[in-house]
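Here is a short note to read alongside the model, for anyone meeting it for the first time.

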Amino acid sequence: MYGLEFWSEYQEYLSLIIGKLFDQFNAQGLDADMDIQHDLFSARDIVVLRACIIDYEPCIQMATERFQEVRRNCSGKFQLLSGSDCNKIPYYLRPWVYSAAIKHGTEDDFDFLFEKWNMEHYMMERDSIFNGLCSTRFREKSDLAWKRLMKNRARENILLRCVACSKTMFNDTLLLDMFEEQPEYMKELVETAANDLSAVMILIYRNMQFEKDVKRMDNVLKPYKDLIRFLAKYRSQALGRIVWRQDVAPYFAGNASEAIQIMKNIHSFD
């Protein structure tokens, strides 16, 4: 639904549902120990992720404040974010904090996190950090993160990185822009890292919003027939989702508008 003309109505609907739950968890304290309450812990994780993804303001504020605290406390040249001495954010919360903070932050925020990622050796923390890096809205920074990831592919699980980033990426064309404008780099990866490149291509298809981007991808892939054959089903799925957005999504938006009024009346929201 993101990126469509009626996204704002659907976003408000989601905010009424997810936002209320986020407010409850936030009031309890997002650091609260729920190790023995597995279902509740999982629910909290999902709610925080979804609240920040839809740009629910209290979630964005929480993420921004906590990230800036990390920047202040972990600014030392040799301080790792995996260390609990300076980074007090619970491990489950870190991917969503990093992602929201980078999405709504500055290039300096990205540079801080990128530097910490390069020096980090604890894989769980590297996963969380890259979840933030791939959420950038700056094209130059996006190129930097993905090229470094592919360069380090011997120690990275590119597929898992792509799966994780698919949950939080909002600027769906940055990766496509890179490959479209840098055919030499595309050719290099086809020749040296075809499997890892395929995972990135799937991510691009997974986040496509418009048919024009499918056509752009067709042009990028045109010289590589084996890759075209492998990605055919993902292209088809992308087109199917685009058709769904055109034909079905407007009804969701209309129903959401009606539901918003009913929910406001029930809960006395202003």
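1. Cys134 and Cys165 are joined by a disulfide, with an S to S distance of 2.2 Å (a disulfide is a pair of cysteine sulfur atoms within 2.5 Å). The torsion about their S-S bond is about -110 degrees, so this disulfide is left-handed. Cys134 sits in the loop between helix H6 (123-133) and helix H7 (139-151), while Cys165 belongs to helix H8 (residues 158-165), so the bond ties together parts that are 31 residues apart in sequence. Helices here are DSSP runs of H or I with at least four residues, and strands are runs of E with at least two, numbered from the N terminus. Cys134 is buried, with a relative accessible area of 7%, and Cys165 counts as buried at 1%. Buried means under 20% relative accessible area, exposed over 50%, and partly exposed in between, with a 1.4 Å probe and protein chains only.

2. A word on what you are looking at. This is a predicted model, in which local features need pLDDT of at least 70 and side-chain atom pairs count only at pLDDT 80 or more, while totals for chains, interfaces and linings use all residues. Residues are numbered from 1 along each chain as its sequence is written, and side-chain values use heavy atoms, with hydrogens and water left out.

3. How many disulfides does a search of the whole structure find? The search finds 3. Numbering the bonded cysteines of the protein chain in sequence order, they pair as 1-2, 3-4, 5-6.

4. Cys52 and Cys59 form another disulfide, with sulfur atoms 2.0 Å apart. Its S-S torsion is about -85 degrees, so the bond is left-handed. Cys52 counts as buried at 7% relative accessibility, and Cys59 counts as buried at 0%.

5. A disulfide also joins Cys74 to Cys86, S to S 2.1 Å. Here the torsion is about 110 degrees, so the disulfide is right-handed. Cys74 and Cys86 both lie in the loop between helix H3 (57-73) and helix H4 (94-103), 12 residues apart. Both Cys74 and Cys86 are buried.

6. Next, have a look at H7. This helix has 13 residues and reaches 18 Å from its first C-alpha to its last, close to the 18 Å expected at 1.5 Å a residue (the expected span is 1.5 Å times one less than the number of residues). The buried residues of H7 include Trp146, Leu149 and Met150, and Lys141 and Asp143 are among them as well. The buried residues of H7 pack against helix H5 (107-119), H6, H8, helix H9 (174-181), helix H10 (183-192) and helix H11 (194-206), where contact means heavy atoms within 4.5 Å.

7. The largest pocket has a volume of about 700 Å³, and 23 residues line it, with Met1, Tyr2, Arg50, Ile53 and Lys167 nearest its centre. Helix H1 (7-28), helix H2 (38-53) and helix H13 (225-247) are the elements that give two or more residues to this lining, and H1 provides the largest share, 4 residues. A pocket is an open set of points on a 1 Å grid over the protein atoms alone, with protein on both sides within 12 Å along at least five of seven lines; a cavity is a set where a 1.4 Å probe fits but cannot get out, and lining residues have an atom within 4 Å of a point. Grid points are joined across faces, edges and corners, and a volume is the space filled by probe spheres set on the points.

8. The second largest pocket holds about 430 Å³ of space. Of its 22 lining residues, Pro95, Trp96, Asp127, Asn131 and Ala164 lie nearest the centre. The largest share of this lining, 6 residues, comes from H6.

9. Lastly, the structure holds 3 cavities of 30 Å³ or more, and the largest cavity has about 80 Å³ of space. Its lining includes Cys52, Ile53, Trp96 and Thr168. H4 gives the largest share of the lining of the largest cavity, 4 residues.
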